[in-house]
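The following exercises guide a reader through one protein model. Please examine the sequence and the structure before working through the solutions.

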Amino acid sequence: MALQDVCKWQAPDTQGLSPHLPQAGGWAVPRGCDPQTFLQIHGPRLAHGTTTLAFRFRHGVIAAADTRSSCGNYVACPASRKVIPVHQHLLGTTSGTSADCTTWYRVLQRELRLRALREGQLPSVASAAKLLSAMMSHYRGLDLCVATALCGWDRSGPALFYVYSDGTRLQGDIFSVGSGSPYAYGVLDRGYRYDMTTQEAYALARCAVAHATHRDAYSGGSVDLFHVRESGWEYVSRNDAWVLYSELQKLPEPEKEEEEEASQAHPEPATPTELAKVENSPRGLEPGDSRMPAETETL
């Protein structure tokens with residue numbers, strides 16, 4: 001039975017113009033232009049951002065990231081996972097388009113599994129980075145957006161590689177990717193040491209991401225922390241970014257403590273006015289006075 005007979009429904013009048021639609025020809029696309037290409041060029045571009053970081057130290061590789069997935073001013077998900085396990089000894093941070101990152105990590109997991117079955121052992125971190133770089137380079141210029149830091153432990157020890165969707169592949173000790181990376185780099189460059197303890201590395205990663213989420217509008221939510229050891233990767237913690245930043249504000253600044261200790265150990269030299277006042281005083285300068293210049297003591 002037709003819907004019109006059951007619900008007494010009547011189709012709207014499509015002959016007349018709706019007041020909610022633009023004038024005739026308002027949706028027209030220029031002749032000879034593909035609609036999809038036209039929208040990609042002239043349509044709105046939705047900004048997305050994040051804060052991910054990874055650094056290598058004596059006890060492995062630390063990977064940390066925020067959990068906010070944003071699309072322009074819209075927060076799509078406040079508790080997403082931006083650190084993806086590839087296998088037991090390899091992690092990857094994700095920055096860029098979420099769908100692209102997830103898809104290419106699935107492809108990488110499949111290829112690494114096939115290689116392990118053929119060769120009898122898992123490929124090294126350098127081989128995994130080279131494989132991912134080679135696969136994505138074939139799609140250069142097709143609006144693919146994937147920026148990742150591969151963190152792993154292989155036969156050569158802890159390793160860290162940065163891979164971009166245009167085929168770029170870099171090896172290093174510190175990488176931060178995303179719109180909040182400039183703020184994270186400021187904290188990492190100040191506190192990073194290769195011989196850090198595990199707890200110092202955890203505190204540094206949390207501090208860097210928390211400060212980045214405070215300054216970057218596209219980063220926020222919580223701070224995920226992972227640690228890649230020789231025995232495999234470990235999910236350390238998830239902490240609220242705002243709570244972390246509030247706790248960091250209450251801690252004493254190390255620079256002020258160092259300045260106070262330095263000022264007590266090395267007092268400032270006396271000014272010429274102060275020296276003149278002491279010379280005019282009846283007591284004068286004593287040989288043991290700290291304000292006495294070196295030449296006066298010699299004389």
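**Exercise 1. Determine which residues of helix H6 are buried, and what covers them.**

Solution. The model is a predicted one. Step one is to list the buried residues of H6: Thr-198, Ala-201, Tyr-202, Leu-204, Ala-205, Cys-207, Ala-208, Val-209, Ala-210, Ala-212 and Thr-213. An α-helix has 3.6 residues a turn, so residues three or four places apart point the same way. Step three is to identify the cover, which includes strands E1, E2, E11 and E12 together with helices H5 and H7 (241-250). The 18 residues of H6 reach 26 Å from the first C-alpha to the last, close to the 26 Å expected at 1.5 Å a residue.

**Exercise 2. Describe the largest nonpolar core and state which element gives the largest share of it.**

Solution. Begin with the extent of this core, which has 24 residues. Those with the most contacts inside it are Leu-53, Phe-55, Ile-62, Leu-188, Met-196, Leu-204 and Ala-205. Next, find the elements that give two or more residues: these are E1, E2, H5, H6, E11 and H7. The largest share comes from H6, with nine residues. Then take Leu-53 as an example. Beyond its neighbours within four places in sequence, the contacts of Leu-53 include Ile-62, Phe-175, Leu-188, Ala-205 and Val-209. Finally, note a second, separate core of 22 residues, which includes Leu-90, Val-125, Met-135 and Ala-159. In soluble globular proteins, nonpolar side chains tend to be buried together.

**Exercise 3. Follow the chain through strands E7, E8 and E9, and describe how these strands are paired.**

Solution. Strand E7 (residues 146-154) and E8 run antiparallel and are joined by eight bridges. The hairpin between E7 and E8 passes through two residues. Across this pairing, Cys-151 stands opposite Leu-160 in E8. Strand E8 (residues 157-164) is mostly covered, with seven of its eight residues buried. The next pairing, between E8 and strand E9 (residues 169-171), is antiparallel over three bridges. Here Tyr-162 has Leu-170 in E9 as its bridge partner. The hairpin of E8 and E9 has four residues between the strands, and Gly-167 in that hairpin takes a positive phi near 105°.

**Exercise 4. Is Ser-133 buried or exposed, and which residues does Ser-133 touch?**

Solution. First, locate Ser-133 in helix H4 (residues 125-137). Second, compare its relative accessible area with the cut-off: a residue counts as buried under 20%. Ser-133 has a relative accessible area of 7%, so it is buried. Third, set aside residues up to four places away in sequence; Ser-133 then touches Val-163, Gly-167, Thr-168 and Arg-169.

**Exercise 5. Determine how many disulfides the model contains.**

Solution. A disulfide is a covalent bond between the sulfur atoms of two cysteines. The criterion is a pair of cysteine sulfur atoms within 2.5 Å. By this rule the count is zero. For Cys-101, the nearest cysteine sulfur belongs to Cys-145 and is 7.0 Å away, and Cys-101 is in no disulfide. Cys-101 counts as buried, at 2% relative accessibility. Cys-151 is also buried, with a relative accessible area of 0%.

**Exercise 6. State how many helices and strands the protein has, and what share of its residues is buried.**

Solution. The protein has 10 helices and 12 strands. Of its 299 residues, 37% are buried. Turning to contacts between residues at least 6 apart in sequence, 61% join residues at least 24 apart.

Terms used
Residues numbered from 1 in each chain as written. Predicted model: local features only at pLDDT ≥ 70, side-chain atom pairs only at ≥ 80, totals over all residues. Heavy atoms only, no water. Expected span 1.5 Å × (residues − 1). Buried < 20%, exposed > 50% of the residue type's maximum accessible area, 1.4 Å probe, protein only. Contact = heavy atoms within 4.5 Å. Core = buried A, V, L, I, M, F, W, Y, C linked by side-chain atoms within 4.5 Å. Pairing = 2+ DSSP bridges.
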